[in-house]
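Hi everyone, thanks for coming. Let me put the structure up, and then we can walk through it together.

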Amino acid sequence: MSRRLSVLLLSTWLMTPNLALAGDLTPEQMARIRRAEKAAVDKVNAAHGNKKSSEMSNSERREMIREQQEAVQKVMDEHGVSPKDYARQSARMGPKQNEQVAAAEKALQEKEKAAASARSPQGKEPGEIQIQEGFNEDNPVMLDEQEGAPPVVEHGLPAGEETPSEPSEPTVKE
């Protein structure tokens, strides 16, 4: 065997498993890619005001399509998949595989909702509540009080307020 032939055989022998594995994406991977792709396209659409293509000029439409393609390419690069392999596998999927991918997408969506609900109560929970007393010269706002001091509770009307001694009756002119 010549040296070229042996190198050719060796290289094809090493590349065959990689070619077989390159197109095989799990339903979870497909679901992640689809969700990321949809989010990227939605972000570009929102940047252009969510206009319909019929509402845009040719140059605007061309720009939006270019940005969408760049966003999709970026998603594919992040997931380490070539657009060609992704498109081939998407086209080859049957109803059973599509159901698996849809189930994986729902599971991812539920995980994101659970993570968001777990984060939201912690973010909204107030730390220390600051109470202000008064708002004018007679009742100034007290921001710096001593620690450990008991709370001040005022009863009755604030200072400067008077109670009317007798109700005044409106006068009627005829």
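How many residues does helix H2 have, and how far does H2 reach from its first C-alpha to its last? H2 (residues 27–47) has 21 residues and reaches 30 Å, close to the 30 Å expected at 1.5 Å a residue; that expected span is 1.5 Å times one less than the number of residues. Helices here are DSSP runs of H or I, at least four residues, numbered from the N terminus.

A quick word on the source: this is a predicted model, where local features need pLDDT of at least 70, side-chain atom pairs count only at pLDDT 80 or more, and totals for chains, interfaces and linings use all residues. Residues are numbered from 1 along each chain as its sequence is written, and side-chain values use heavy atoms, leaving out hydrogens and water.

pLDDT, the predictor's confidence in each residue from 0 to 100, averages 80 over the chain. Confidence is lowest in helix H1 (residues 3–22), with a mean of 66, and highest in helix H3 (residues 58–79), at 94.

Back to H2: its buried residues (under 20% relative accessible area, 1.4 Å probe, protein chains only) are Met30, Ala31, Ile33, Ala40 and Val44. Met30, Ala31 and Ile33 are among the 12 residues of the largest nonpolar core, meaning buried Ala, Val, Leu, Ile, Met, Phe, Trp, Tyr and Cys joined through side-chain atoms within 4.5 Å. H2, H3 and helix H5 (95–124) each give two or more residues to this core.

Finally, Gly49 follows H2 and has a positive phi, near 80 degrees. Asn50 also has a positive phi, about 50 degrees, although it is not a glycine.

Notes:
Buried means under 20% relative accessible area, exposed over 50%, partly exposed in between (1.4 Å probe, protein chains only).
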